[in-house]
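Please look at the sequence and the structure shown here.

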Amino acid sequence: MEEAQENTRDLFDRFTMGMIQTLENCQHVVDIRSKPTSPLSTNDIASWEARQATKLPSDIRDFYSATNGLHIIWTVLLDRQILPVGSLLINPLDQLKPINPSSDLPPNVQHFFKTSSVTDDVQVVHRCRYMPFKAFAISSCGAHASVALVYTRPTPSIWLVDRSNTWHRLAKTFTEYYRLMTLYLGIPEWQYALTSIGALPDTYRWLHAFVSPHVLIREFPRDSSSTETIDRSEKPNSHPPIL
């Protein structure tokens, strides 16, 4: 029994890339909880791909082959109050739902994204006010924003769609996003720190209280000129649902 618990902990530590140990060493962290999930079979993943007519990137396929989503919550004790702070969330596969169907986009815009790269050419991104034709919600960011897997050219990437319906690229791959999520410890709305908007005041305080200084120096704040953003707010009646 003890050996099984140790194996489970080792697996959990590998999934979080040492984040749990980092939190356990924090003085004010009093509780770390996760929701256990089972790995998906190859058939489960293939079934989703068939329904959505979309092939998942290999790193996301590997993730769901190991666990059907991830949800870790950690709390702190401050002024004799227990406060929920961190939340690391990757939706289960059945909640990976489209948030931007192609029917929302005019044919000329669809053609633009099918023939242009939005991952390498920042000027292309700033000239277009529409999001690519296929995206799936992989997580939430606060109550009014979503994190999406977007099928940009030449490869899928991870984006944040904020409450104003503006899209910001967060990472070139799911693996890179996952690494950032663990580095930022799931601090509320940490994703904004990687956009031209910047971290909100409360987020900023939590980041500097718990995230390693060398991470903040390297990753935060970013020069707004290096971020990629698409503003869809001018397109009427086309706001993607916040899932």
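## Salt bridges and loop residues

Glutamate 49 and arginine 61 are both buried. Buried stands for a relative accessible area under 20%, exposed for over 50%, and partly exposed for values in between (1.4 Å probe, protein chains only). The side chains of glutamate 49 and arginine 61 form a salt bridge, at 2.8 Å from N to O. Glutamate 49 belongs to helix 3 and arginine 61 to helix 4, so the pair ties together parts that are 12 residues apart in sequence. Helices are DSSP runs of H or I with at least four residues, strands are runs of E with at least two, and both are numbered from the N terminus.

This is a predicted model: local features need pLDDT of at least 70, side-chain atom pairs count only at pLDDT 80 or more, and totals for chains, interfaces and linings use all residues. Residues are numbered from 1 along each chain as its sequence is written, and side-chain values use heavy atoms, with hydrogens and water left out.

**Charged pairs.** The whole structure holds 3 salt bridges. The term requires a side-chain nitrogen of Lys or Arg within 4 Å of a carboxyl oxygen of Asp or Glu. Side chains of opposite charge can pair when their charged atoms come close.

| Salt bridge | N to O distance |
|---|---|
| Arginine 33 and aspartate 31 | 2.6 Å |
| Glutamate 49 and arginine 61 | 2.8 Å |
| Arginine 205 and aspartate 202 | 2.2 Å |

Arginine 33 is exposed, at 59% relative accessible area. Arginine 205 and aspartate 202 sit in helix 8 (residues 201-210), 3 residues apart, about one turn of the helix. Arginine 205 is exposed at 52% relative accessibility. Aspartate 202 is partly exposed at 48%.

**Asparagine 68.** Contact in general means heavy atoms within 4.5 Å. Beyond four places in sequence, asparagine 68 is in contact with Thr37, Ser38, Pro39, Leu40, Pro92 and Leu93.

**Lysine 172 and helix 7.** Lysine 172 lies in the loop between strand 7 (166-171) and helix 7 (174-183). Lysine 172 is partly exposed, at 48% relative accessible area. Leaving aside neighbours within four places in sequence, lysine 172 is in contact with Pro156 and Ser157. In helix 7, the buried residues include Phe174, Tyr177, Tyr178 and Leu180. After helix 7 comes leucine 185, with a positive phi near 60°.

**Confidence.** pLDDT is the predictor's confidence in each residue, from 0 to 100. Its mean over the chain is 75, and 67% of residues reach 70 or more. Helix 3 (residues 42-52) has the highest mean, 96, and helix 6 (residues 122-127) the lowest, 41. Residues 1-8 stay under 50, with 0 contacts beyond four places in sequence. Residues 233-243 also stay under 50, with 26 such contacts. Where pLDDT is low, the predicted coordinates should not be read in detail.
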